[in-house]
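Grab a pencil and have the viewer open.

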Amino acid sequence: MSNKYLEGVFAPLDVEYDISDCEVIGEIPLALQGTLFKIGPNPQYIYSQNYHMFDGDGMVHVLTFNNGKVSYLNRWVRTQKFLKEREVSHAIYAGFRDKEDKLKQIQMGLFSDTVNINVINHANKLLVANEGNDIYQIDTKINTLNKFKFNDELSGMTAHPRICPQTGDLIMYTYLSRDIITSNLIKYFVANSDGHVIHKENIEVPYKSLLHDFAIAGDYVIFPVFPLTCNIGRLFSGGNIFEWEPQRGCDFGIMPRFGTNEECIWIHQDEPGLAIHIVSAYQNGDFLIMDACYSDNIPNGADGFTPNKEEVFPAYLTRWIFDIPNKKIISKTRVDDKPCEFPKIDERYTGKIYIHIYVASTLHSNWYGHDFDAITHYDISNNTKQVHDFGVDSTAFEPIFVPRSANSPEGDGFLLTYVYRKSEDRSDLVILDAFHVDKEPLAVIKLPHRVPFTFHGTWVPYLN
Ligand SMILES: [Fe+2]
């Protein structure tokens, strides 16, 4: 039986490389001084053909830029799962689509601690996070150091914390930690720029869902609850942990950043839909503006995690405007009709008004959400866009924005994206001028091997 998540761009590497001087076409901008961290699933062993990419052991890929030279290395994160399986040379942990075995293992207290979704740089620590597992700390050479807890207490967070560019605070939550997994609670917290938790609150959501991402907007945070519901108890009756329940509609929780559960207001939207990723959001007086990659045409029976091409749904850049005092949605507008995912902004503008949005787009393929062949830059101040079409032979990943300098204007900088060349079964790292995305790349770093599909990552300046 074939499995899309083990083929082509998803096929795992079994080598940990260390390339000291990468081949470069063009000229690396000297303003790029730092390190790009990306992480994705790269299973060491396969438990069964039910394998889903969310199950794969995390592999970190690092490119370090130093005065026009580039070095590369990749390493697995040495989680407890990874080490146990390496010891016996086979898979031990069932995947989340191995429902019967997964249930037995949960009942035995055997939980996978895979981390494969994002690398976060905060308080001089590199943290690797997953949807609900423990956090691992790595060093700049991708050595796995230890499990990490905020204040020696908060051991889990989902993979999309937001870091306030003014204060350096990390704003985050978890909804899958074991003490709340069967409740309608999420554990919200704020850690200051030193990494100390300065605020925490349990928030009651209307129902538990795949709450993969959220937003900060001025003085507020936004929790978007979409009806891809989460219920681990369904495993006991043969169901799925995540199921699509469109009749619930969507709910948006809006709370002051340092607020309480009682201060969290909820705004309902009748239309069902799903945004895995939020672009960003900002506050304009009593109004909040939020952008996301949103799909509103998901049929009944979908679970959102199918490997079948026909059951993957396009998401579109969509903007909401929320009226806080009147607890209502002023508008919801589709910005563009081209499918997109993996949105990024110039993160110096997180939570503040922004005009530049970067996404991976699908122009040619119909395997939406997985096969991106273009990078698009939207300037939402004048409704224009620029597209870099890599063509049908290429798969582009999340574009990471790097500012030209600490004080350069919003959007003045570079976009870094891995591009998989299907016919050559290897990858490039492509550097685009973020103001001229449609032009030829400034430089292309040619790797001799494939960089398997990565989810997310981060740019860390001046680590050399
Ligand atoms: Fe994500």
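What follows is a set of exercises on this predicted model.

**Exercise 1. Work out which residues of helix α1 (residues 80-88) are buried and which are exposed, and what lies over the buried ones.**

Solution. 
- Step 1: Start with the buried residues. In α1 these are K81, F82 and E85.
- Step 2: Look down the axis of the helix. Those three sit on the same side of α1, because they cover an arc of only 95° around the axis.
- Step 3: Turn to the other side of α1. There you'll find L83 and E87, which are exposed.
- Step 4: Ask what does the covering. The cover over the buried residues includes β5 (69-76).
- Step 5: Step off the end of the helix. Just after α1 comes S89, with a positive phi of about 60°.

**Exercise 2. Describe how domain 1 and domain 2 meet.**

Solution. 
- Step 1: Domain 1 is 1-147 and domain 2 is 149-335.
- Step 2: Check the spacing. Their C-alpha centres are 24 Å apart.
- Step 3: Count the residues in contact. Domain 1 brings 21 residues and domain 2 brings 22.
- Step 4: Name the elements on the domain 1 side. Those giving two or more residues are α2 (99-108), β6 (118-122) and β7 (125-129).
- Step 5: Sort the residues on that side of domain 1 by type. You get eight nonpolar, seven polar and six charged.

**Exercise 3. Follow strand β21 (residues 287-295) and its two antiparallel neighbours, β20 and β22.**

Solution. 
- Step 1: See how covered the strand is. Eight of the nine residues of β21 are buried.
- Step 2: Go to β20 (residues 274-284). Eight bridges hold it to β21, with the two running antiparallel.
- Step 3: Look at the turn. β20 and β21 make a hairpin with two residues between them, and G285 in that turn has a positive phi of about 65°.
- Step 4: Cross to β22 (residues 316-323). Eight bridges link this antiparallel strand to β21 as well, and D291 stands opposite R319.

**Exercise 4. Why does M290 count as buried, while A302 counts as partly exposed?**

Solution. 
- Step 1: Recall the cut-off. A residue is buried if 20 or more other C-beta atoms lie within 10 Å of its own, and exposed if 12 or fewer do.
- Step 2: Apply it to M290 in strand β21. M290 has 23 C-beta neighbours inside 10 Å, so this residue counts as buried.
- Step 3: Apply it to A302, in the loop between β21 and β22. A302 counts as partly exposed because there are 17 C-beta neighbours inside 10 Å.
- Step 4: Now see who touches M290. Leaving out residues up to four places away in sequence, the list is A215, A217, I222, I278, A281 and W320.

**Exercise 5. Find the strands joined to β30 (residues 413-421), and say why β30 is largely enclosed.**

Solution. 
- Step 1: β30 is largely enclosed by the rest of the structure because eight of its nine residues are buried.
- Step 2: Find β28 (residues 394-396), antiparallel to β30 and joined by three bridges. Here T395 stands opposite Y420.
- Step 3: Find β29 (residues 400-403), also antiparallel to β30, with four bridges. P403 is partnered with G413.
- Step 4: Finish with β31 (residues 426-433), which has eight bridges to β30 and runs antiparallel to that strand. T417 pairs with V430.
- Step 5: Check the hairpin of β30 and β31. Four residues lie between the strands, and D425 has a positive phi near 50°.

Note on methods: Residues numbered from 1 in each chain as written. Predicted model: local features only at pLDDT ≥ 70, side-chain atom pairs only at ≥ 80, totals over all residues. Arc of directions from axis to C-beta. Contact = placed C-beta atoms within 7 Å. Domains from an automatic or database assignment. Nonpolar A, V, L, I, M, F, W, Y, C, P; charged D, E, K, R; others polar. Pairing = 2+ DSSP bridges.
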